[in-house]
Amino acid sequence: FDTTSQRACARGYLLERDQMRWYWDQYVPEPARRTEPEAAPLRAARLSGLPPAIVLTAEFDPLRDEGAAYAGRLAADGVEVHHECVAGQIHGFLGMIGGIPSADEAMTRLCAAMRARLSVATTAEVSHG
């Protein structure tokens with residue numbers, strides 16, 4: 001709860017730091033288990049071997065820096081990853097399709113990236129039998 005984005009977006013951007021603390025308490029009630037990789041993937045010794053990932057973050061989201069760090073770790077461990085931080089947006093904006101133009105645009109980009117990735121996987125599977 002001490003990243004730049006957690007501090008900068010602590011209040012006033014829909015998802016607030018106090019809510020994040022409550023969610024964390026619900027997600028992993030035992031504080032001693034919060035550093036386990038199953039609860040906090042950034043704590044894993046390695047992330048290699050994971051499937052390709054798309055990590056979408058929002059400029060005014062307390063989780064922005066953690067998302068960026070996760071994307072960076074994936075890349076550093078050799079995982080194919082695409083990370084995008086959407087300017088001017090808050091946590092959950094992607095659920096506001098039809099109301100926020102940048103949500104529509106981000107969803108279009110996400111779907112195109114997924115289609116392209118699935119097409120590559122499907123083509124590889126077909127050509128390898």
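Mentor: Helices and strands here are DSSP runs, numbered from the N terminus. The model is a predicted one.

Trainee: OK. What pattern does the chain follow along the sequence?

Mentor: Reading along the sequence gives α-α-β-α-β-α. That is four helices and two strands.

Trainee: And how big a box do the C-alpha atoms fill?

Mentor: Roughly 50 × 40 × 25 Å, along the principal axes. The accessible surface of the chain is about 8200 Å², and carbon and sulfur atoms contribute 58% of that.

Trainee: How much of the chain is buried?

Mentor: Of the 129 residues, 23% are buried.

Trainee: Which residues form the largest nonpolar core?

Mentor: There are six: Ala44, Leu47, Val55, Ala71, Leu74 and Val79. Apart from that core lies another one with five residues, including Ala58, Val86, Ala103 and Ala106.

Trainee: Back to Leu47. What is Leu47 in contact with, leaving aside neighbours within four places in sequence?

Mentor: Pro41, Tyr70, Arg73, Leu74, Asp77 and Val79. Of these, Leu74 and Val79 are also members of the largest nonpolar core.

Trainee: Switching topic: where does Thr35 lie?

Mentor: Thr35 sits in the loop between α2 (17-27) and β1 (53-60).

Trainee: How far is Thr35 from Ser48, C-alpha to C-alpha?

Mentor: They are separated by 19 Å, and are 13 residues apart along the chain.

Trainee: Last one, charges. How far apart are the mean positions of the positive and negative charges?

Mentor: 3 Å, for 13 positive and 17 negative charges.

Methods: Residues numbered from 1 in each chain as written. Predicted model: local features only at pLDDT ≥ 70, side-chain atom pairs only at ≥ 80, totals over all residues. Heavy atoms only, no water. Core = buried A, V, L, I, M, F, W, Y, C linked by side-chain atoms within 4.5 Å. Buried < 20%, exposed > 50% of the residue type's maximum accessible area, 1.4 Å probe, protein only. Contact = heavy atoms within 4.5 Å. Areas by Shrake-Rupley, 256 points an atom, 1.4 Å probe, with all protein chains shown as cover. Lys, Arg positive; Asp, Glu negative; His and termini not counted. Charge placed at Lys NZ, Arg CZ, Asp CG, Glu CD.
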